[in-house]
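Good morning, and thank you for coming. Please look at the sequence and the structure on the screen while I speak.

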Amino acid sequence: MTENEIGKYLIDLSIQLHRKLGPGLLEIVYETILAYELNLRGIQVERQKPIAIKYNKIKFDEAFRIDLFLDGKVIVKIKSVEKLNYFHKKQVLTYLRLTECKLGYLLNFSEPLMKNGIVRIVNQLDEQGY
């Protein structure tokens, strides 16, 4: 499955979940249910995946954690905040660069309409056919 195909599932499920539960719950609730629903559709999901990085001779075993890591290709950061800011988007882009992944999503479940809480972030992703 390509990054874009995984992304389509993620967006559809996020919108469905938001419609059923509404905005403003704890991030862990949305994370747990999304992981469950994505697994049902055959997408491998790793939750709170620790990522190691190296800087010169220093190794950080858990430099950061990915909320949801889908099929080893797509990074998902889940938020439940009043408003996303510049830092949230840059954080996902940094995660993409450090893992050499090409596609990430920032999902804010506190938006009244979920479509307004979805930010797609790319890192050298081939956009043909999308």
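Is K49 buried, partly exposed or exposed? K49 counts as partly exposed, because its relative accessibility is 23%. The scale behind these words is as follows: buried means under 20% relative accessible area, exposed means over 50%, and partly exposed lies in between, with a 1.4 Å probe and protein chains only.

Before I continue, a word on the source. This is a predicted model, in which local features need pLDDT of at least 70 and side-chain atom pairs count only at pLDDT 80 or more, while totals for chains, interfaces and linings use all residues. Residues are numbered from 1 along each chain as its sequence is written, and side-chain values use heavy atoms, with hydrogens and water left out.

Let us take the overall fold. The protein chain contains three helices and five strands; helices (H or I, at least four residues) and strands (E, at least two) are DSSP runs, numbered from the N terminus. Their order along the sequence is α-α-β-β-β-α-β-β.

What is the radius of gyration of the protein chain? The value is 14 Å, which agrees with the figure near 14 Å for a compact globule of 130 residues. This radius is taken over C-alpha atoms, and the globule rule is 2.2 Å times the number of residues to the power 0.38. Along its principal axes, the C-alpha trace spans about 50 × 35 × 25 Å. Of the 130 residues, 42% are buried.

Contacts, meaning heavy atoms within 4.5 Å, also deserve attention. Among those with a separation of 6 or more, 55% join residues 24 or more positions apart.

I turn now to the salt bridges, each a side-chain nitrogen of Lys or Arg within 4 Å of a carboxyl oxygen of Asp or Glu. The count comes to six. One of them links R47 and E31, with the closest N and O atoms 3.0 Å apart. R47 lies in strand β1 (residues 45–55) and E31 in helix α2 (residues 27–40), so this pair ties together parts that are 16 residues apart in sequence. R47 is partly exposed at 38% relative accessibility, whereas E31 is buried at 4%.

K49, from my opening question, pairs with E46, and their closest N and O atoms are 3.3 Å apart. E46 is partly exposed, at 26%. A further salt bridge joins E62 to R65, with a closest N and O distance of 2.7 Å; R65 is partly exposed, at 35%.

Thank you for your attention.
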